[in-house]
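Subject: Structure handover

Hello,

Here is the structure for your files. My notes on what was found follow below it.

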Amino acid sequence: RKNMAYGTRAQFDNVREVAFGGISGTYAVVGGPLTDHARVVIFTNSTNAEVYISDDGVNNKFRMAANSFKLIDFSTNKIRDDGLFVAIGTQFYVKQVSGAPGSGGVWIEVISAAGGV
């Protein structure tokens with residue numbers, strides 16, 4: 001009997017990241033835009049300062065405490081064409097809340113649905 005896999009295969013995207021020195025009071029681009037619909041996004045702020053994350057480079061969408069992370073699963077228990085997702089072409093940005101960070105970085109990890117096996 002063959003080893004069968006059912007469901008939707010996870011596809012891991014390249015890590016998007018910005019070191020602390022690239023984070024200031026203006027939005028910095030974090031990696032490239034999404035090339036597939038993101039189903040799970042993990043935002044990590046390993047800096048020693050609070051940061052804002054944005055998807056338009058103009059508006060603060062959410063705030064992250066220093067040395068924290070947010071894992072957002074947009075499509076728990078959903079099939080490939082169902083549920084929430086982050087659209088292809090979405091670009092993420094980061095900027096400091098008040099003081100500039102002195103260490104660490106911000107990175108974003110993305111998981112997409114690649115179809116069945």
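V40 sits in strand β4, which spans residues 38–45. Note that this is a predicted model. V40 counts as buried because its relative accessibility is 15%, and buried means under 20%. Leaving out residues up to four places away in sequence, V40 touches L71, I72 and D73, and also E109, V110 and I111. L71 is 31 residues from V40 along the chain, and the C-alpha atoms of the two are 7.3 Å apart.

D36 is in the loop between β3 and β4. Is D36 buried or exposed? With a relative accessible area of 15%, D36 is buried. Its contacts, again without residues up to four places away in sequence, are Q11, V86, I88, S112 and A113.

Now the sheet. An open sheet is made of 4 strands in the order β3-β8-β5-β6, with antiparallel pairing. The edge strands are β3, residues 28–30, and β6, residues 62–64; each of them pairs on one side only. From one strand to the next, the twist averages 35°.

For one pairing there is more detail. Strand β5 covers residues 51–54 and pairs with β6 in the antiparallel sense, over 3 bridges. Which residue in β6 is the bridge partner of V51? That partner is M64.

Regards

Note on methods. Residues numbered from 1 in each chain as written. Predicted model: local features only at pLDDT ≥ 70, side-chain atom pairs only at ≥ 80, totals over all residues. Heavy atoms only, no water. Pairing = 2+ DSSP bridges. Helix = DSSP H or I, 4+ residues; strand = E, 2+ residues; numbered from the N terminus. Axes fitted to C-alpha atoms, helices over the stretch in contact; angles between N-to-C directions. Buried < 20%, exposed > 50% of the residue type's maximum accessible area, 1.4 Å probe, protein only. Contact = heavy atoms within 4.5 Å.
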